[in-house]
Amino acid sequence: MTTPLRTRPLGVQAAPVAEQTGAVGAVVASLPVSFAPAGSRPDVVALAGTAGWTDAATDAVSRGVRGVVVIDPVAEDPSALAAAAAEAGTAVVLDQAWAGNPVLEDSVGAARTAVAEALADAVLLDSVAWGRPGTDPEVLLTRHLAAVLACGVELAGLRVIQRNANGYTVIGSLPGGAPAALQGITSSSVPATATVSVLTFTGRADITLPDSSAGWPAEIRSVTSAGATAFPTIYESAHRHSWRRLRAAVDSGTPAADLERFAALTALLGQLHDSPH
Amino acid sequence: MGILGAGPVTQAIHLPSLARLRDILEVRHIMDVDPAVAESVAARVGARFSSSMEELLADPAVEIVAICSPHQFHATQVIAACRAGKKAVLCEKPFAMNGEEAAAIAAVSAETGVPIVVGAMHTFDPGWLAAESAWGTLPDQVHTIRSSIVLPPNPRFEDFATEIVGRTPPPAAAAAGTPADDAAADIAAAKATLTGGIMGLAIHDLPLVRRFAPDFRAVEVLHAQTVQPFGYVISLRAGAVAIELRAAMNGTWEPSWTFEAIGDDATLSIDFTPSYVQAGSATARIRTAGSTTVLGPYGHNGYEGEWRKLAELARGTGAAPDPDTLIHDLEFALAIADAAAACVDAGAAAYEEARA
C-alpha cells in the first residue's frame, strides 16, 4: 500500500484520558503522513468516551475542528452530535475496542461473508466478552454488543439473565429464531478479547477480536462440511484503524456511519430489560 | 470383568479402552438383553455371554462389574452387583435417577465394602487430574464457569472406534397434530431435550463444575432453552458462581469440548478430546496475566483412567471415590434437570399469559 502524498498532516490534540486509553501518541506516530501533534489549534481532536462525550464532541464540532475521534464511547444518544457534525461537515469516528477492528470493516468482505453464511444456517450464537476486573458491566456490554452488531448479526428480544460485578449474561434470538447468548466476564488472566461464535447445522464460524492496545490480529475461522478455513490476518489495532478512517473521511468529505450505527446500538441497549429472575 | 449392556458405548468406548489394558483387566462375561448382540460382542473378546444380569453376577470369573445398561436399570444393578460380592463396580452416569436411589446405593456400598466408580470420565482424565494438582487456590476465586460442547453425531466416532452391531435407529419424527397438541408436544419435546441433554451430556462436566461451585445446593436455573438439532443453552448460578452451559450436537465433523473456570486473576481452560476414539487426554491451561501453564496432553483419556482406577480398587490399592461426592454430583445434576424443565413450563405459562 502506498500512502498518497498529502499537503500536510492534520494536527492532533488529545485529552489526557483519551491519550491514555486510546494510545493516541503512539498511533499518530504510526501515521506520520496523515497526522502530527498539534499545538493550540488542532485540526482533529481525540476525546475519551466517558459519560458526557456526546456534549464534549458537539463542543469540539462547534469550535470548528475538522474531525473528532471518540475513544471507547459509553452508551449515549448521539443524535444531537450527529446533527451538529452533519451541519458543520465534521467527521466523527468512534474508536471502539472490538467493533473498530479492521477485519470488520465493510470493505473487508471475508469476515462478514463468513458470518453471514453461518447466520443463514445458524442454530446458536455464543459470544463472550472479556474485561479486566473492575470494568463496569454496562460499559463491557456496550463494547460487546457493538462488536456483535459489527459482525453483521441482528439480535432481537434481548434480556438480561444475570449481571453482577463479575459480568453478565444476555439472551436473545437471531432472525431465524435460534438462540443468541452473550456473556461478559471479568478477569485479569485473559486479554480483553471478544469472541463471536455462530454454530450452524453443519459447522461454525468464529471471530476472535483482540485487545485494541496492540496490533494483535483478529482471528476468523469458518468450518463447513468441506473443511476449515482461516482468514488472512490484519496486524493493525482498532485504534490505528479508526484514525485511518478519520483521515479518509476528512479527505473525502464523506461522513463515517459511526454515529448512525451507534444510535442503533444505544436504542438496542435501551430496550434491554432484566429477566424476572 | 463382566459388562451389563453391550450397546454402542460398550462396543465403541469400553472394549477399545480395555483392549489397551490387557495386562491388568480381562473381559470374561458380556450380558445384553439382545442375546445376538451379547454373543457377537462377547465373541470379540473371547468372553462368555448371557442375556440376564443374574447369570453374569453368578459367574465366579467376574470380579468387577461394569454397568452400561439404560439409565433406569443402573440403581438396581449396582446394588445387585454389590450384594453379589464383586470386588468393584463401575456404573455409567447417571448412577441413579433420584436421590433415594443414590442413598440406597451408598448404603449398600458401605455395608458390603464394595467400591463404586461412576463413569464421569472427565474426572479421571489425566489432563484434568494434572490441572487439579496444579491449580492451587483457584477454586477460592472462581466466579464464572463455562462448559461448551459441540459434537458430531455419535455414529461418526463410534465407527472410527469399532464396528457396531445392534445399533438402534433414531426415532421417527412424530406426525403433526392439532395446534394445541403441537404446542403441548413442543413443550414436552423441549423438556425431554433439556433433561436428556443435562443427564446425558452436561452430566459429563457437572462434577467438574461442582468442584468450583461449593454452594451447589443453592443452584438456581435462570434460563434454559433448546438448540437445534439437539443441544441446550442453560444459565444458572450456584451461590455467587455464574454457570453457563452450552451444547450443540449438529452435523459438524469438528468436535469441540471445553470447560473453563474463571476467577479474578486466574483461569483454568480445558480442551477435552472426543469420546469413543483413543485421542489421548485433555489439555489443560492455567492462565494468569502474562503466563500460561500447559498441562498435557497425555497418552490416554478419562475412560482408560476409569478402568485403571477400577483395577486398583479391585486389587485393594487406591482410595475409593467418596460416596457423598457421587451422591452430591447426582443431586446437582437432577436439580438442574428439574429446574430446567420448570423453566420451559414457566416460559410456556408466560406466553399464554401474554396471549390472554
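**View 1. The stretch of chain B that UniProt labels as a domain.** In this predicted model, an unreviewed UniProt entry puts "domain: Gfo/Idh/MocA-like oxidoreductase N-terminal" at residues 2–119 of chain B. UniProt positions follow the numbering used here, with feature names shortened, and such annotations may be inferred rather than shown by experiment. The end C-alpha atoms of residues 2–119 of chain B sit 15 Å apart, and the span is 44% helix and 17% strand. Helices (H or I, at least four residues) and strands (E, at least two) are DSSP runs, numbered from the N terminus.

**View 2. Helix H1 meets helix H11 in chain B.** H1 (residues 8–19) and H11 (residues 302–314) of chain B pack at about 60°, their axes 9 Å apart. Axes here are lines fitted to C-alpha atoms over the stretch in contact, with angles running from 0 to 180 degrees between N-to-C directions. H1(B) passes H11(B) in a right-handed crossing, meaning that the near helix is turned clockwise from the far one by less than a right angle. On H1(B), look for Ile13(B), His14(B), Ser17(B) and Leu18(B); on H11(B), for Tyr303(B), Glu304(B) and Trp307(B).

**View 3. Where chain A touches chain B.** Here 28 residues of chain A are in contact with 31 residues of chain B (C-beta atoms, placed from the backbone, within 7 Å). On the chain A side, S9(A) brings the largest share, 4 residues.

**Notes.** Residues are numbered from 1 along each chain as its sequence is written, and chains are lettered from A in the order in which they are written. Local features need pLDDT of at least 70, side-chain atom pairs count only at 80 or more, and totals for chains, interfaces and linings use all residues.

Technical notes:
Contact = placed C-beta atoms within 7 Å.
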